[in-house]
2 protein chains.
Amino acid sequence: MAAEQKKPTSQLRFDLVSKDWVLIATGRAKRPEEFAKHERIKVEMAAKDCPFCNLATQGKPVLEYKDEAGQWEVAVIPNKYPAFAQSGGLNERAEGPYSIMDGVGYHEVVVTRDHKKSLAELEMPQIHKVIDAYQERYLELMNEKLVNYISIFHNHGREAGASIAHPHSQIIAMPLTDPDLQGSINGSRIFFENQGKCVHCKMIEWDMEDGRRIIYENDKFVVLAPFASRMAFEIRIYPKEHHAYFERIKEGDKNQLAEALKISLSKMAKGLNDPAYNFFLHTAPADGKNYDHYHWHFEILPKTAIWAGFEMGTGIEISTVEPEEAAKYLREIQ
Amino acid sequence: MAAEQKKPTSQLRFDLVSKDWVLIATGRAKRPEEFAKHERIKVEMAAKDCPFCNLATQGKPVLEYKDEAGQWEVAVIPNKYPAFAQSGGLNERAEGPYSIMDGVGYHEVVVTRDHKKSLAELEMPQIHKVIDAYQERYLELMNEKLVNYISIFHNHGREAGASIAHPHSQIIAMPLTDPDLQGSINGSRIFFENQGKCVHCKMIEWDMEDGRRIIYENDKFVVLAPFASRMAFEIRIYPKEHHAYFERIKEGDKNQLAEALKISLSKMAKGLNDPAYNFFLHTAPADGKNYDHYHWHFEILPKTAIWAGFEMGTGIEISTVEPEEAAKYLREIQ
């Protein structure tokens, strides 16, 4: 898989939805294969000490799916150290010139039984159940008072912020959408109003015709490297058809989503030496308003770089691998 | 330095300037002293292999300050692997629905001679010279065609993205301001237009009266933990008087800035066991327009946490230490 020697380039690319610039600067690029040399920091924890292997210590599950033997296979539990938790009102108040409100909401953990097996390593029916759990909890939490946005995310590996090695996803239901994220959602709305078409559909259509950034597809989902990737080997999973609301995913489509997720994570694990990564769902807010213009998707970001002073200071992320090259590399991994 | 036992709280705090929400959730908080137990990943490189100890290999310096013995003490060199570099026009173009332009600009490295001594460990006259170098290069680069924003930043430690251990800062001069950062600058303008006062001045005034978030001050500068800290032990250094443009800093104020910077970084190094950190300058864009409403400052972010799936997905950063407690802890460190 010898990469051709290319002249280094430095390109500013604009994200149509978030209105964010990223820089693709290949001057200091490693070839894709070299990312595989990175050794992830692995923090072992014996199953006997693992809170998720000892689920009874974690409080009553809010949801449990059992296997044929009657053992729990996927469980959703309240986070013992919740970020959002207090009940009651928002208690909005000023402190001098500042605004403040209580972190009212819910924080849950979606645990798969096996202490070692990452999501990529699970069998398809188990990944299907994880998606079931995401949906079931989403549908429940969106009805709660003061819940206006629900974030579903997964951190894999210490470098990606996972404090417990046992594979788990998290669900946070909260009272507001951050103005930054709201900006992306508004970007989608404005595009729709001006062009009569979903901006994501437009990008997917172009990318599928162009082909260079496509990593994988099945009937219902397409996996691609976004044109304005913020991180080398960034991946997105989109339903091919226009769907605004993740929680309305059809039963019949879940297998294909499970497949797209498993293949994306497996390609990344094989091609990049099981890197630490984050993934999260972007879907319409859960505030009851109309977001038909939106197009839900998963974003997967392997920790192939550290966003440092430049990225923090300017808001421009630098990636050292062209998305087209990253997609080619991942596409070819079986 | 025993911290009182407090009931965990979860508070959403709003950043007046960036319009960004952060969550201060102390439920999973370590006490400040516990951050000091974190061992930074240290990647050693012998001076004989260090590119900055062998400056002659790096191309001609664009600036050199020498010591009394005639040896270089602070040098500015072009980055050998520049993020922004190409010359010529922006070459703006569309690729299907996407926008793209060349990464035209400048990328320089500000190197201090000692291979080991971090900025915090340098003597005041040397830090003064680093500030001189920042200013002198800023004044030079802002006159370059197509330069509209200049970012000055410093990464310390592998976990903060420093790929070379030898202490150095970086200067990137580029053709645009990212819409996110532009949003903060506009926030400052709108506040000024509505209230007839600089939003930063207003916050500084309140914080100095309140006292709880102040870490250090001298005649000209105040060092504080921002009310909406995105990271535990985040620090900002502000000129007390209203100044929009860093590059216009008066000769007589530089000693006090050097002192504020040295004390901030030293307190962090002592109190948090020499953590990895990033700092960057926020100042008015260099596009020739009027930004008199702005108030330049340095932001320092120790790597006390990893922004993971939730932060990336929602744009809301979670910090586990109250800024008031962080400030108290750092204030008391001598």
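## A friendly first tour

Biologist: How many bridges join strand β4 (residues 72-78) of chain B to β7(B)?
Modeller: Strands (E, at least two residues) and helices (H or I, at least four) are DSSP runs, numbered from the N terminus, and two strands pair if DSSP finds at least two bridges between them. β4(B) and β7(B) run antiparallel, and B:Pro78 stands opposite B:Glu108 in β7(B). The number of bridges joining β4(B) to β7(B) is five.

Biologist: What pLDDT do local features need here?
Modeller: Residues are numbered from 1 along each chain as its sequence is written, while chains are lettered from A and ligands numbered from 1 in the order in which they are written. The model is predicted: totals for chains, interfaces and linings use all residues, side-chain atom pairs count only at pLDDT 80 or more, and local features need a pLDDT of at least 70.

Biologist: Which strand pairs with β7(B) over six bridges?
Modeller: This pairing is in the antiparallel sense. In it, B:Val110 has B:Ser169 as its bridge partner. The strand, covering residues 168-174 of chain B, is β9(B).

Biologist: How many residues of strand β7 (residues 106-112) of chain B are buried?
Modeller: A residue is buried if 20 or more other C-beta atoms, placed from the backbone, lie within 10 Å of its own. B:Tyr106, B:Glu108, B:Val110 and B:Thr112 point one way, B:His107, B:Val109 and B:Val111 point the other way, and all are buried. β7(B) is largely enclosed by the rest of the structure because the buried count is seven of the seven residues.

Biologist: Are α2(A) and α5(A) roughly parallel or roughly perpendicular to each other?
Modeller: Their axes, lines fitted to C-alpha atoms over the stretch in contact, lie 9 Å apart. The angle, taken between N-to-C directions on a scale from 0 to 180 degrees, is about 110°. Angles of 65 to 115 degrees count as roughly perpendicular. The two helices are therefore roughly perpendicular.

Biologist: Which element gives the largest share of the side of domain 1 of chain A that touches domain 2 of chain A?
Modeller: The domain assignment, automatic or from a database, gives domain 1 (18-41 + 179-332) and domain 2 (54-174) in chain A. The contact (C-beta atoms placed from the backbone within 7 Å) takes 25 residues from domain 1 and 24 residues from domain 2. On the domain 1 side, the elements giving two or more residues are α5 and β13 (277-282) of chain A. The largest share, ten residues, comes from α5(A).

Definitions and conventions: Parallel < 35°, antiparallel > 145°, perpendicular 65-115°, else oblique. Contact = placed C-beta atoms within 7 Å. Buried ≥ 20, exposed ≤ 12 C-beta atoms within 10 Å, placed from the backbone.
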